[in-house]
Amino acid sequence: MTTPVWVPRKRRGAELFLTFLAVFIGVAAYASVGLGAEGRIPADTYKLGGALIVVAIATHLIVRRVAPYADPVLLPLVIALNGLGLAMIYRLDIGRQQINPDRAAFANSQLVWTAVGIAAFAGILVAVRDHRRLQTLTYTFGAAAIGLLILPLIPGVGQTINGARIWVVLLGFSFQPGEAAKVCLAIFFAGYLVVKRDALALAGRRILGIDLPRGRDLGPILACWLISVGILVFQRDLGSSLLFFGLFVVMLYVATERPGWIVVGGLLFGAGAYFGYAAFGHVRVRFDAWLDPFGDPDRNGQVINGLFGLAHGGLLGQGLGQGSPQLTPFSFSDFIAASMGEELGLTGLMAILVIYGLIVERGLRIALTCRDAFGKLLAAGLAFSFALQVFVVVGGVTRLIPLTGLTTPFMAQGGSSVVMNWAIIGLLLRISDQTRRPAPEISSLDSNDETQVVRMS
Amino acid sequence: MSELTLTLIKLGFLAVLWLFVLSAVSVIRSDIFGTKAPSQPRQPKQKAAPTKGRSGKSRKTPRGNPTTLKIVDGPNAGQSVPLGDEPILLGRGTDAAIRLDDDYVSTRHARFATNGEQWFVEDLGSTNGTYLGSQRITTPIPIGLGIQVRLGKTIVELQK
């Protein structure tokens, strides 16, 4: 046999080691925040550290049990980011309450949301035993995405917070359904494009050197995209709008292998951005703040504060708990990257960006090795949306591109974002478990053997 | 807490952060370069596996290239297709190479394809699955002569 047998390695031991290191980073960050800001290690560090280790080991054991061949580095990377984010939110709670004791503390609720996120992660790994089963629910997920996006616009349920109508308040909890819609849309696009990609790539007319597909092939996906973007314009959530559009274009490109889609997408995006600039005041404010933040220091205080914070951090940072990132509005959510840069410096911020890069690399790697088209597209879409989100947020904070409101995955304060990002990691691990699992041994040829029971649900 | 201690803690924390990043990179590196070709433990396991019905013959895969795909059991038993370079589709649909009259087989059930040297079987998202022995296959699997593949109630194998 000339085909080499590929023997994947599980590397679960390496994962356990990295997980411990990641938990240590989180706990050490928490302790040094206390040391830096208040001069003592917070009293509950040991309790928190113990709880985190228990949770980490439980997560590791679940992965070992239900996805033994899954990628070994994704989980520790995510735990490290989440731990860093929690410590920074705690640090900002201290700082903000020094300014005004009435300000809300977010660290505890974020800890609870992280626990919910890990539960969602475990739940997905246990419930979704084969990611291809999701393909049968393609249109269900498409409808769910649209439903989730409409939800905040319904009077009584939706709420406008900070100018964007993207919140839903139920039973005292507020969350952003847009985050869940992102995952649903990725599944819908993947499932739809797998079926239609040949038609999209081959049938159609050629106009100006670009192959345009037939309208009926493109119809449903364009409708879905128009609805989601339309809703986002009404909700004034430009970041998510950009994210969904990028996801849509890249998944089309990956599915059809036609670079023309990138060109068309880029042109459409340029036109949309120009239209937004001309038509919406809040878009123009963002553009002006990007091009010339110091022209209007009163209005652009947030961006300027973030930039000063990054400069204050310098190469090695002020040290956790010793800078003053709390002066920036929304330093705990939109501007958490600037807060990290101030206290950990360029060195720390680079480490964080490399961690994000590694997560994206693993996601694309999963897409490359995955052998079924649906898993390939889904993994590529999820990894890309992750990359785009980090780029848009960090680029906005560092004034590379205009600032748009998106959450920094796993670090920014916000329950829905943390939960859905953990769910994304669960999906990625499930796909990677399927692709790295070795082929069944061709040995027992007794076809009367009891076959494996597969539950169709 | 003295200034010096805090600085040391700060630098130590950054060092640990990068240590973590670099160990993650090294795990990824070994993941890329560390995919070993057939490891030792797999071979004895294959030999030790029960070979019912074929116990007289050696377990070694028969030599030579397969030339036909034959249905050995099920409603269409006895039918066969010659193998060429083209992939062969099995199922109940009209575009299948052999139309299987098996209620447990999907319209487009499984595909046999070759890369010129080796034949592979791939499940096309069938409802009841394609099995090698008792294992449901999820990815293209290389198969050789005499390896029985089960689709629904139908069993097919490559023959010389």
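Me: In which sense do strand E1 (residues 68-73) and strand E11 (residues 154-159) of chain B pair?

Reply: Strands of a sheet pair through backbone hydrogen bonds, and the sense is either parallel or antiparallel. Here the model is a predicted one. E1 and E11 of chain B pair in the antiparallel sense, over five bridges.

Me: Which residue in E11(B) is the bridge partner of B:Leu69?

Reply: B:Leu158 is the partner of B:Leu69. Look also at B:Thr68, which stands opposite B:Gln159 in E11(B).

Me: Over how many bridges do strand E10 (residues 149-151) of chain B and E11(B) pair?

Reply: E10(B) and E11(B) pair over three bridges, in the antiparallel sense. Within that pairing, B:Leu151 has B:Thr154 in E11(B) as its bridge partner.

Me: How many residues stand between the strands in the hairpin of E10(B) and E11(B)?

Reply: The hairpin of E10(B) and E11(B) has two residues between the strands. One residue to look at in this hairpin is B:Gly152, with a positive phi near 55°.

Me: What is the order of the strands in the open sheet of chain B?

Reply: The order is E2-E1-E11-E10-E7-E8, six strands with antiparallel pairing. The edges are strand E2 (80-82) and strand E8 (135-136) of chain B, and each pairs on one side only.

Me: How many helices and strands does the secondary structure of chain B come to?

Reply: Chain B has two helices and eleven strands. Read from the N terminus, its elements run α-α-β-β-β-β-β-β-β-β-β-β-β. Of the 160 residues in chain B, 27% are buried. Now take the contacts in chain B with a separation of 6 or more: residues 24 or more positions apart account for 39% of them.

Me: On to chain A. At what angle do helix H8 (residues 238-256) and helix H9 (residues 260-279) of chain A pack?

Reply: Two packed helices are described by the angle between their axes and the distance between the axes. For H8(A) and H9(A), the angle is about 165° and the axes are 9 Å apart. An angle over 145 degrees counts as roughly antiparallel. H8(A) and H9(A) are therefore roughly antiparallel to each other.

Me: Is the crossing of H8(A) and H9(A) left-handed or right-handed?

Reply: H8(A) and H9(A) cross in a right-handed way.

Me: Which residues in H8(A) and H9(A) meet?

Reply: H8(A) brings A:Leu238, A:Phe245, A:Val249, A:Leu252, A:Tyr253 and A:Thr256. They meet A:Trp261, A:Ile262, A:Gly265, A:Phe269 and A:Gly276 in H9(A). By class, this contact of H8(A) with H9(A) has eight nonpolar, three polar and no charged residues.

Me: What is the value of phi of A:Phe330?

Reply: Most residues other than glycine have a negative phi. A:Phe330 has a positive one, near 55°. Find this residue in the loop between helix H11 (301-313) and helix H12 (336-369) of chain A. A:Phe330 has 17 other C-beta atoms within 10 Å, so it is partly exposed.

Me: And where does A:Arg399 lie?

Reply: A:Arg399 lies in the loop between helix H13 (373-397) and helix H14 (415-436) of chain A. Its phi is near 65°, a positive value in a residue other than glycine.

Me: How many other C-beta atoms are within 10 Å of A:Arg399?

Reply: There are 17, so A:Arg399 is partly exposed.

Key: Residues numbered from 1 in each chain as written. Chains lettered and ligands numbered in written order. Predicted model: local features only at pLDDT ≥ 70, side-chain atom pairs only at ≥ 80, totals over all residues. Axes fitted to C-alpha atoms, helices over the stretch in contact; angles between N-to-C directions. Helix = DSSP H or I, 4+ residues; strand = E, 2+ residues; numbered from the N terminus. Parallel < 35°, antiparallel > 145°, perpendicular 65-115°, else oblique. Left-handed = near helix turned anticlockwise from the far one by under 90°. Contact = placed C-beta atoms within 7 Å. Nonpolar A, V, L, I, M, F, W, Y, C, P; charged D, E, K, R; others polar. Buried ≥ 20, exposed ≤ 12 C-beta atoms within 10 Å, placed from the backbone. Pairing = 2+ DSSP bridges.
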